[in-house]
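Here is a short briefing on one structure. The sequence and the coordinates come next.

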Amino acid sequence: MQIPGHIDPVTTGTVPLRGGNRIDLVGLTRDAIGGVLVEAGLDAKAAKLRAKQIWHWIYHRGVTDFEAMTDIAKAMRPWLTDRFIIGRPTVREAQVSNDGTRKWLLAAADGQEYEMVFIPDADRGTLCVSSQVGCTLNCRFCHTGTMRLVRNLAAGEIVGQVLLARDALGEWPKGTMAGFGPDPEDDDADEEGSHYTADGRMLTNIVMMGMGEPLYNFDEVKGALKIVMDGDGLALSKRRITLSTSGVVPMMARAGEEIGVNLAVSLHAVSKEVRDEIVPLNRKYGIEELLAACAAYPGANNARRITFEYVMLKDKNDSDDDARELVRLIKHYNLPAKVNLIPFNPWPGAPYECSSPERVRAFSSLIFKSGISAPVRTPRGRDIMAACGQLKSAATKPTRAELDRIAEEKQAALG
Ligand code: SAH
Ligand code: SF4
């Protein structure tokens, strides 16, 4: 099977239904929920109303049990339970770093495993979400890149990570449902408590920076993020969501137009020679093409800059000349940009080392001096292998020869 609608043919598996013959409602649009209710026997009008209610319970209240849906008739709840489920990924392992970062190893209904990371900060909490099991691509500094692409995650499996994080952080609203009137059984349900706000939340931001290349799973990522942004559910603003791509140029304009979230681009090098080596997708979509696509990215402006991610690799891409060239390119393409310098996070068998702290500082200050912001990202969760580029779900330890073979296969698949 090919990834539908895609430019680069990459094979992927199919996604089985979770819950046996019951349909998992997580990941369906509101209309699609209405559709499955009609198929199950409701008339169109009733289905539309129920879909709206169920949506609210799933995404606003975090409910997984139809019995808890108090505005749905008691007699109807077992009928729903017999036919549908509100699924969650299975947690295989949960780890907490000594800096507070949390990592979960999750399993899908078919047993496929993927990881999700939560990074708490003083003023925000960021959930790093995976889009694929493994990755289509083979950036040489990335642990996920040593895995084959096993399959794309479905929209429900992507949004399921956000739901599960909310469960784990215990932050579903406790008041009554906004717009549905106060709950007479809830003593605390005063006027204020009945309106849910994001204030005081731990999970405030989402980055599509876990395992996988989100733009090679466009439709499912789009479906998931539309749900995350829906005002009657999780209601996260598009300004609080960032999608990171290694540079799948033909999908970038659609990402801007159809999803509209912030864009981060894994640039990592400023010459063809070095980028071809460390981000091999560059052989297909080169730096000029990539930066031109960035310049045309819908919605990017000085208030919403494109983030250029740049991993600091010792003696590979970290010279003063590299920094100057980076500035030149950004100015040449007139990009509303900020640069995010990422100290390389090591993993077993990685062929690179991190630049020295002095080198990273010097690189950063050269860029800052030209008027472009270039903060250094503090590595988080390294002790539990939760930092950028350390995620990998397969427990196997491939040999160097196997790793080379996987890299060759991936390159051949890109043509
Ligand atoms: N596939 C997407 C998003 C996931 S990776 C992409 O490549 O953009 C999130 C960021 O971490 C990317 O910028 C990626 O290049 C970077 N990264 C990968 N491996 C890393 C490592 N070992 N150390 C530091 N950053 C890494
Ligand atoms: Fe895939 Fe991103 Fe890792 Fe590259 S950096 S191998 S695109 S996950």
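The notes below cover a ligand site, a sheet and the helices packed on it.

This is a predicted model. Ligand 2 takes up the space of the largest cavity. An open sheet of nine strands has mixed pairing.

**Ligand 2**
- Seen from ligand 2, the surrounding residues are Cys135, Leu137, Cys139, Cys142, Gly145, Gly212 and Ser246.
- The shell around ligand 2 holds four nonpolar and three polar residues.
- No charged residue belongs to that shell.

**The sheet**
- The strand order reads S3-S4-S5-S6-S9-S10-S11-S12-S13.
- Strand S3 (90-96) and strand S13 (337-343) form the edges.
- Each edge strand has a single partner strand, so one of its sides has no neighbour in the sheet.
- From one strand to the next, the twist averages 20°.

**Pairing of S12 and S13**
- In general, strands of a sheet pair through backbone hydrogen bonds, in a parallel or antiparallel way.
- Strand S12 (residues 306-312) runs parallel to S13, and seven bridges link the pair.
- Tyrosine 310 faces leucine 341 in S13.

**Helices on the sheet**
- Helix H4 (residues 155-169) packs on the sheet.
- H4 touches S3, strand S4 (102-107), strand S5 (113-120), strand S6 (125-128) and strand S9 (205-208).
- The direction of H4 makes about 45° with that of S5.
- Helix H10 (residues 357-369) also packs on the sheet, where H10 touches S12 and S13.
- The direction of H10 makes about 180° with that of S13.

Notes: Residues numbered from 1 in each chain as written. Chains lettered and ligands numbered in written order. Predicted model: local features only at pLDDT ≥ 70, side-chain atom pairs only at ≥ 80, totals over all residues. Heavy atoms only, no water. Near = heavy atom within 4 Å. 1 Å grid on protein atoms, 1.4 Å probe; cavity = no way out; pocket = protein on both sides within 12 Å on 5 of 7 lines; lining within 4 Å. Sits in = over half its atoms within 2 Å of the grid points. Nonpolar A, V, L, I, M, F, W, Y, C, P; charged D, E, K, R; others polar. Pairing = 2+ DSSP bridges. Helix = DSSP H or I, 4+ residues; strand = E, 2+ residues; numbered from the N terminus. Axes fitted to C-alpha atoms, helices over the stretch in contact; angles between N-to-C directions. Contact = heavy atoms within 4.5 Å.
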